[in-house]
Amino acid sequence: ERKKEELRLKREVAHSLLVEDLQDLVNEGIGGPELLNKQMGLMIETGIALHQIQKVYAELIQNDEGIERMTEALDLITAAQEEEQISVEELVPAAFQTEVIEDFRNGIDAAPLLILMLVLTTMSSVLPIGTKVRLLDYTNHDQAVLLYFLILTMSGGKKTLLFDEVVEKPINKSGVRERAEKRFKQVRQWQAAAKAKKNKKQKGEENQASDQEEIEAPEEGKGSKTDSSQSVPIQPLRHVVSDFTGEGLDRNCQQAEAHYSHGFLIGTDEGRQLLSGDQYKGSTSTYTTDKLTRLYDGKGGNQVRGDSRNERHYNSSHAAIAALLQPEIYDDIAAKEADDESGFWPRFLTVESPPVLMRRGTPEELKAAMIKSYPQALADLYDYCNQLGSHSHKAELGAQPHFRFSAEAQEWWTQRAWEIEDQQVEQATNGDPMVARVFGKAAGQVGRLAALLHILNRAYGGGIDANGTPS
């Protein structure tokens with residue numbers, strides 16, 4: 001056993017040295033007979049077959065090209081940040097600018113665009129399942145109003161602080177969690193009573209008058225005998241999910257649709273696990289990333305398994321993503337995922353941000369910054385979004401809110417959408433397919449952002465009371 005371990009270590013060292021030598025050849029950019037001579041020299045020096053050396057060299061070339069291609073795609077995605085064609089202040093209501101963005105930046109120096117995008121992503125996560133936006137009426141195609149958002153910032157950039165303050169704490173402070181917990185208790189009691197009644201009936205014990213009474217389902221759970229609110233045993237909904245498997249996502253999606261009627265957020269300040277999918281756990285499977293690709297469109301999952309007890313069925317989903325990641329880790333993953341034919345990466349709106357820092361100021365300024373308005377403002381905003389499909393909103397928007405551009409906006413947008421599509425076709429035909437896939441998702445992202453900015457303006461335009469409903 002000891003000799004085997006020593007042999008294994010020697011092979012690992014030899015391979016590592018070979019990779020370093022071949023990377024030097026890649027960096028030198030030599031080719032032809034000169035490259036072949038160098039590779040044959042390494043064959044003689046290491047005793048490794050020439051075809052194996054050439055295979056490793058080809059993999060290194062592919063990785064370098066992958067990094068370059070993903071860098072170009074990322075530059076395209078983040079180019080609008082550098083152009084500064086419109087300021088965040090022009091996009092948002094004045095009250096939101098004051099109560100949230102400026103108030104947050106009194107204590108923490110974060111870019112306004114970063115704050116806004118993280119808020120919009122969180123807003124999208126608590127919307128009712130089935131919330132859609134239609135960009136062009138003549139296409140009859142709807143987009144799910146949810147975002148996949150990626151923040152690139154350096155290590156030590158206070159990613160956890162940002163995520164806690166803008167996402168987790170306000171959601172926990174809002175009525176979103178309180179309503180879900182109330183719903184869980186009601187449905188669990190109702191399902192337990194229904195199960196007990198069924199057991200009595202099967203045993204022939206249903207004799208008393210009280211046993212003959214119909215067991216009323218909670219208001220939002222009434223439906224037919226095949227209604228999933230009755231057939232799916234209720235479990236708590238995870239509002240913010242940071243560690244997950246594909247099967248876990250199915251369970252949460254099924255619970256959200258059957259019992260809670262609104263979405264959830266896949267949120268993490270360590271985005272490596274999210275973006276590398278199952279590979280991060282030592283698997284070569286793409287099951288999780290394939291599932292996330294499908295969830296982006298708000299689609300359901302109907303499964304067939306060898307054991308039907310492991311199946312999860314749901315017709316619609318609503319899962320948003322907010323991930324914070326170090327640029328160097330992004331580059332490492334990007335090199336391995338450069339071909340990404342499923343289009344997982346282009347679904348992400350990406351902001352490359354300087355590190356989030358503590359605000360510097362005088363003792364008086366720091367004392368004034370201790371009084372915060374953004375925690376309650378964000379809690380009310382998320383609560384408002386969560387209730388769009390209920391109460392006073394229901395008559396106007398429906399249980400599943402559906403937004404569309406005005407006639408004037410559609411007239412303007414039609415030309416822009418055609419221009420984006422032309423660029424997509426040009427890249428797919430004569431350019432880089434990865435860049436083409438970025439253009440392919442751009443139009444839908446415009447619609448999603450437009451709907452969320454509309455909801456934000458509507459919330460502040462009508463006012464938000466303590467219950468999240470418009471005044």
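The following questions and answers set values computed from a predicted model against the definitions of the terms applied to them.

Residues are numbered from 1 along each chain as its sequence is written, and side-chain values use heavy atoms, with hydrogens and water left out. Because the model is predicted, local features need pLDDT of at least 70 and side-chain atom pairs count only at pLDDT 80 or more, while totals for chains, interfaces and linings use all residues.

Q: What makes up the protein in terms of helices and strands?
A: The protein has 19 helices and 12 strands. Helices (H or I, at least four residues) and strands (E, at least two) are DSSP runs, numbered from the N terminus.

Q: Why is glycine 263 called buried?
A: Buried means under 20% relative accessible area, exposed over 50%, and partly exposed in between (1.4 Å probe, protein chains only). Glycine 263 has 2% relative accessibility, and therefore counts as buried. Its place is in the loop between helix H11 (246-260) and strand S6 (264-268). Buried residues make up 44% of the 471 residues in the protein.

Q: Which residues are in contact with glycine 263, leaving aside its neighbours within four places in sequence?
A: Contact means heavy atoms within 4.5 Å. With those neighbours left aside, glycine 263 is in contact with Ser125, Leu127, Ile129, Leu237 and His318. Between glycine 263 and threonine 131 the C-alpha to C-alpha separation is 9.8 Å in space, and the two are 132 residues apart in sequence.

Q: Why does histidine 262 count as buried?
A: The relative accessibility of histidine 262 is 5%, so this residue counts as buried. Histidine 262 lies in the loop between H11 and S6. Outside the four places on either side in sequence, its contacts include Val126, Pro128, Val176, His239, Ala256 and Asn386.

Q: Why are H7 and H16 called roughly perpendicular to each other?
A: Two packed helices are described by the angle between their axes and the distance between the axes. Axes are lines fitted to C-alpha atoms, for helices over the stretch in contact, and angles run from 0 to 180 degrees between N-to-C directions. Angles under 35 degrees count as roughly parallel, over 145 as roughly antiparallel, 65 to 115 as roughly perpendicular and the rest as oblique. The axes of H7 (residues 159-173) and H16 (residues 374-386) come within 8 Å and cross at roughly 70 degrees; the two helices are therefore roughly perpendicular.

Q: Which residues of H7 and H16 meet?
A: Glu165, Val166, Val167, Pro170, Ile171 and Lys173 in H7 meet Tyr374, Pro375, Gln376, Leu378, Ala379 and Tyr382 in H16. By class, the residues of this contact divide into 9 nonpolar, 1 polar and 2 charged. Here Ala, Val, Leu, Ile, Met, Phe, Trp, Tyr, Cys and Pro count as nonpolar, Asp, Glu, Lys and Arg as charged, and the others, Gly among them, as polar.

Q: What makes H6 and H7 roughly parallel to each other?
A: The axes of H6 (residues 112-125) and H7 come within 11 Å and cross at roughly 30 degrees. H6 and H7 are therefore roughly parallel. Their contact is made by Leu114, Leu118, Val119 and Thr122 of H6 and Leu162, Val166, Val167 and Ile171 of H7. This contact has 7 nonpolar, 1 polar and no charged residues.

Q: Why is H8 called oblique to H16?
A: Helix H8 (residues 175-202) and H16 pack at an angle of about 50 degrees, with their axes 8 Å apart. That angle makes H8 oblique to H16. Gly175, Val176 and Arg179 of H8 and Tyr382, Asp383 and Asn386 of H16 make the contact.

Q: How many aromatic pairs does the rule give?
A: Rings of Phe, Tyr and Trp (its six-membered ring) pair if their centres lie within 6.5 Å; planes under 30 degrees apart count as stacked, over 60 as edge-to-face and the rest as tilted. By this rule the count comes to 5 aromatic pairs.

Q: Why is the pair of phenylalanine 104 and tyrosine 374 called edge-to-face?
A: The ring centres of phenylalanine 104 and tyrosine 374 are 5.1 Å apart and their planes are at 75 degrees, so the pair is edge-to-face. Phenylalanine 104 lies in helix H5 (residues 94-107) and tyrosine 374 in H16, so the pair ties together parts that are 270 residues apart in sequence.

Q: Why is the pair of tyrosine 148 and phenylalanine 348 called tilted?
A: The rings of tyrosine 148 and phenylalanine 348 have centres 5.4 Å apart and planes at 45 degrees, so the pair is tilted. Tyr148, Tyr296 and Phe348 form one aromatic cluster.
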